[in-house]
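I want to see where the ligand is and what lies around the open space.

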Amino acid sequence: MTDINHWAAYLAAAVTDRNEVAAITKQIDALSIEDAYKIQEALLALQLDGDSLAGAKLGLTSAAKQEQMGVDEPVYGWVRSSSVLGADGVVKLDELIHPRCEPEFMFRLGKDLAGPGVTADDVLDATEEVMGGIEVIDSRYEAFSFTLTDVVADNTSAARIMVGTDGVAPRDVDLREVTCTFEIDGEVTGEATGEALLGDPAACVAMLANHLGAQGKKLEAGWIVPAGAPVDAKPLSPGTVATARYSHFGTVTITGQ
Ligand code: OOG
Ligand code: MG
């Protein structure tokens, strides 16, 4: 039987010690997806001591990300309040291991949402605004390398988020057609539309609501929900300026410090 609490403590220590650790699946015969989500939940419980939830997230919802990480299914994780960056967009690199950054479509919910049966339309009904943003991911695993169940246990590499300020009402724009251009130090590294997120960013959020509903949980009013990166993540080093330009959500910038 998988020792859920042991692996949660193992990952929590990797975060606080800023220490990359061997993937769990390199150390045990098998890690089921159910046990991986149990480890994620136990890890969150440890990390919520003195913190709170600001949202929930999707990952690996685009072909670009699935190919980059060698994983072919979406994953779900949590966003803690302490991970939300301030208005200056400064990311303190001495708090992280080997961070990467990626642009994100982010939903701010105005109503609770819980599956089963949540559709993309329900998501638009429950959303107050959709914004651009940037997520900083920081796998706790050696060489940023993992299997599907490893990355689930590790709260889908979640580390920091920068939330844009130029949100739009969800039905004022077709989210599938919103363009996102990602730049590192002024050089374009990727470009995609919302459609890259499993065909529709709102459908991604619906999947998350249904995933949580199956466990008696829900997405809550006021939460931020990043729907996953439409293009590859890039390393965030000291002095790196990462900029995500959106056709309808303005520009979001972070700087590694
Ligand atoms: C997993 C997290 C993926 C996204 O937007 O696809 C993610 C990883 O790539 O380390 O947040
Ligand atoms: Mg992401």
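Which atom of ligand 1 is 2.9 Å from an N or O atom in the side chain of Lys57? I looked it up in this predicted model, and it is an oxygen atom of ligand 1.

Next entry: other contacts of the ligand. I found an oxygen atom of ligand 1 at 2.8 Å from an N or O atom in the side chain of Lys65. I also noted an oxygen atom of ligand 1 at 2.8 Å from a polar backbone atom, this one belonging to Ala229. Then I checked the cover: ligand 1 exposes 320 Å² when taken alone, and the protein buries 100% of that.

Where does ligand 1 sit? I have it in the largest cavity. For the shell around ligand 1, I wrote down β1 (53–59), α3 (63–69), β4 (100–109) and β5 (127–137) as the elements that give two or more residues. I got 16 residues surrounding ligand 1, with Leu60, Lys65, Glu102, Ser157 and Ala229 the closest. By type, the shell divides into 7 nonpolar, 4 polar and 5 charged residues.

Last entry: the largest pocket. I have its volume down as about 180 Å³. Of the 16 residues lining the largest pocket, I listed Val15, Arg80, Arg140, Ala159 and Arg160 as the closest to its centre. The elements giving two or more residues to this lining are α2 (33–47) and β6 (158–163). I noted that β6 provides the largest share, 3 residues. My tally for the pocket lining reads 6 nonpolar, 4 polar and 6 charged.

Notes:
Residues numbered from 1 in each chain as written. Chains lettered and ligands numbered in written order. Predicted model: local features only at pLDDT ≥ 70, side-chain atom pairs only at ≥ 80, totals over all residues. Heavy atoms only, no water. 1 Å grid on protein atoms, 1.4 Å probe; cavity = no way out; pocket = protein on both sides within 12 Å on 5 of 7 lines; lining within 4 Å. Points joined across faces, edges and corners; volume = space filled by probe spheres on them. Helix = DSSP H or I, 4+ residues; strand = E, 2+ residues; numbered from the N terminus. Nonpolar A, V, L, I, M, F, W, Y, C, P; charged D, E, K, R; others polar. Near = heavy atom within 4 Å. Polar contact = N/O pair within 3.5 Å; in protein donor to acceptor, adjacent residues only side chain to side chain. Areas by Shrake-Rupley, 256 points an atom, 1.4 Å probe, with all protein chains shown as cover. Sits in = over half its atoms within 2 Å of the grid points.
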